[in-house]
Amino acid sequence: MQKGAENIEFTEITPQADIAADRHGARAKCLQRLVRMDLPLPRTVALSFDAVRRIAQGTLPDVAALMSVFGAAPLVSVRPSSENQDWGGPASILNIGMNDSRHAALCSTHGETAANALYLRFIQAYAVHVARLDPDMFEPEAPSRDALRAALDAYAEETDDPFPQDPGRQLLEVLRSMARAWEGTTARLLRQAKGAPAEAGLGMLVQAMVLGVGPGESGSGVIQFVDSVTGQRRIVGRYLSQSQGRDAISAREGALFLTRDPRGAALEDRCPDLVARLRRYGDTCRLNLREEMRIDFTIEAGRLWVLDALRVPRSARGAVRMAVMLADEGIIPREEALCRIEPRAVSELLHSQVDPTGPRHVIAHGIAASPGAATGRLVFGSAAAQASAARGEPCILVRRETTPEDIRGMHAAAGVMTERGGMTSHAAVIARGLGVPCVVGISDMRLNRRDGVLITAGGHKLHEGDIVTLDGTSGQVLLGPVKMLEPALDDAFQALMGWAEEACDIGVRANADTPADAQMARRFGADGIGLCRTEHMFFEADRLTVMHEMIFADRAQDRASVLARLLPMQRADFKRLFEIMQGLPVCIRLFDPPLHEFLPQSREGVRDLAEALGMPVSDVQRRVQALSEFNPMLGMRGVRLGITIPEIYDMQARAIFEATIEASRQGDPVVPEIMIPLVSAMREVELVKTRIDSLAAAVRTERGVDFDYRLGVMVETPRAALRAGDIVQHAAFLSFGTNDLTQMTYGLSRDDAGRFMGSYVKQGVFAEDPFHILDAEGVGELLRIGAERGREARPGVTLSICGEHGGNAESIAFCRAAGFDYVSCSPFRVPVARLAAAQLALGEQVHADRGGADEQPLALRS
């Protein structure tokens, strides 16, 4: 034992060695499994998490004893081994033990070029990662004697010491440097961002070097047997032959083929037995490790060595196909295949995505509010977006923030980006419902409508008509067109969703406002419609005109007369929804927004409306001012509007009942669910219920047909949650609208919180954006109180949430624990919610949990 060294244990990796992923890391455990499978691995020693931690604290290992494992004058490498391979670690250091004498010996046995390359590579790595010298001083150069001498001189000049020649000292410094790097603040923050606990340990592996140089076939490479992006069976990788140059590994009719180098024959022709062995090793890894693995290999003088096997990196679509293939082949059970897919990743399969292998020129960042990607020409207004769509040209709608008046422009646009807003801002919610990519809260851009220019923080000036790509998955805005991947709703996706539906034990409905939304909900297997926001049906041009006339009518009978023109339109809307859902439940929310949202705010808009209505501009302006409120989201909207202007709810209820009768004649019986929004008091429900019951009786008498319906309440105010026991006496269901409930509980504007929410989360004020992840402690307590009091007063009451939180795994876990019957979310989030619910339902029945199985299969963890 060297002077000052302590007994830091190390373990040689053998089939029987006591190696565990939670003590030595996933890579160490994987290497032991490779040894057990009789793959040809170089001798390897593992240092435990505790040993590495002690090294970082200053305890010196007995490197002489460690080096003696590898024989006389060894060359070794040191690689990190964290508990989860995705947590990363310090860079590997190769060729430890290289020095002047070893270089001279290699010159005589392997040639000067090979010896120079090996020594130079080690000097560069040691200087940058161990001595922490400027990387620019040690940039890779052609492996000549001059380059080698220059690197040695540069090291000596910067450190005032010659390059260390003692292999033991080299190894000691490498171990100490890597251990301290893992304990550093930057490394800790990086791995915590990847989901690692702050105290996560690092193991290290010391492995005998296989140089990959020498007489005969020699070289090194990596190979995998599936495509990382698509998950399809395809052999890809690279191989650097020391004698022939670089070979590219590809697939030819399903067989391994290493393409011909211009200076020689293909490896498959040169060494067919080695190629066949690589294929066998790939099959062996897949069967025994129950995972698609990438194999690091080296060929030295015609002998094949396997250095490592790592889980193949993969995109979301690649992960789904790989999991399904492994399940179809019987390698893993379907339950484990389900639990290997992160629910949020599923949303990437439903939309076009930016190809991760292509270049991207990022010009702005914001909040990723609606996933997917789209390329189009910039437009700065809804009218321009509609005109672009009419020409068949995809466009990206840019607004400071959207309003209900922008809905038609959002329908027409291929993507939406806003300067302001958060995860539950108007733009974000509507875009997710439409399945349109959206980035909001882009604080590093400024829209100048007057000059028709969009200015980014980097100084880019973009004009209307310029082409950009919007990446709603990452929250980035890219300059120009980029390579895209199409949605992946293929057989693998359908199989996975089928398995999820079988395992799911909570209902998953969709928020759908239009027939197109309902069709999408059916396509994604929704259990019904949990929220139909009827106000979105009123923004079409012909209906908006009628709404304007209703708003300007002075008497109740005049309002009812005008609304009668909307009745057949609403009836047709509801009938179509009932037909599409084919007997599945449809929950229709009565009119909710304040009336001012249907009126123009600009002087030009007021003038146009006055002309359309044949009224003086001053009269129109007075009505607009009369309807304006200091805080319209807490003003006359929802049930308050339904009670003060009951003609609106009367028309809607009649349309629902008449559509129910017509749809039931042609298909399955329809039992509509009618939801009253923004309730705070039991008396509000009584008043609305009395009128709706009366209308139902009238329609039954007029049509001579009986029908059923269910009346319920949307719980969006804290008081409604607290008084749920009273309110539920008149309600068959309680649907908690978590968007508004979060807004009112926190006293936060969901449209404006995005301006400071990032800072709040960074400083730990909130653990997460409460509009993105349900606040289980605060808002969740109101949900529990409302659910318990509602269920106590009416045991058979149906409970659900229908805010955007309904598509989050965290919210679904909460709802299952609280005994809710279903969640409802936008159609494109239904598969995400379904998978999350299935994983929660499976619980302990599967071999891997949702948080870890996709990152690292059980075979590599224990």
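This note reviews a predicted model in numbered points, from confidence to individual residues.

1. Basis. Residues are numbered from 1 along each chain as its sequence is written, and side-chain values use heavy atoms, with hydrogens and water left out. In this predicted model, local features need pLDDT of at least 70, side-chain atom pairs count only at pLDDT 80 or more, and totals for chains, interfaces and linings use all residues.

2. Confidence. The average pLDDT (the predictor's confidence in each residue, from 0 to 100) is 86 for the protein, and 94% of the residues score at least 70. Residues 1-5 stay under 50, and the model gives them twelve contacts (heavy atoms within 4.5 Å) beyond four places in sequence. Residues 846-862 are also below 50, with 53 contacts beyond near neighbours in sequence. Where pLDDT is low, the predicted coordinates should not be read in detail.

3. Nonpolar cores. A nonpolar core is a set of buried Ala, Val, Leu, Ile, Met, Phe, Trp, Tyr and Cys residues joined through side-chain atoms within 4.5 Å; buried means under 20% relative accessible area, exposed over 50% and partly exposed in between, with a 1.4 Å probe and protein chains only. The largest core has 129 residues, of which Leu595, Phe657 and Leu734 touch the most other members. Helix 26 (residues 647-666) supplies the largest share of this core, ten residues. A second, separate core holds 58 residues, including Val78, Ala114, Tyr119 and Ala196.

4. Leucine 595. Leaving aside residues up to four places away in sequence, Leu595 touches Met547, Met550, Ile551, Leu627, Leu641, Ile645 and Ile648.

5. Helix packing. Helices (H or I, at least four residues) and strands (E, at least two) are DSSP runs, numbered from the N terminus. Helix 21 (residues 556-563) packs against helix 26 at an angle of about 30°, with the axes 9 Å apart; axes are lines fitted to C-alpha atoms, for helices over the stretch in contact, and angles run from 0 to 180 degrees between N-to-C directions. Ala556, Arg559, Ala560 and Leu563 of helix 21 meet Glu647, Ile648 and Met651 of helix 26.

6. Backbone exceptions. Most residues other than glycine have a negative phi. Arginine 290, not a glycine, has a positive phi of about 55°; arginine 290 sits in the loop between helix 11 (272-289) and strand 10 (293-300) and counts as buried, at 16% relative accessibility. Alanine 301 likewise has a positive phi, of about 50°. Alanine 301 belongs to the loop between strand 10 and strand 11 (303-311) and is partly exposed, with a relative accessible area of 46%.
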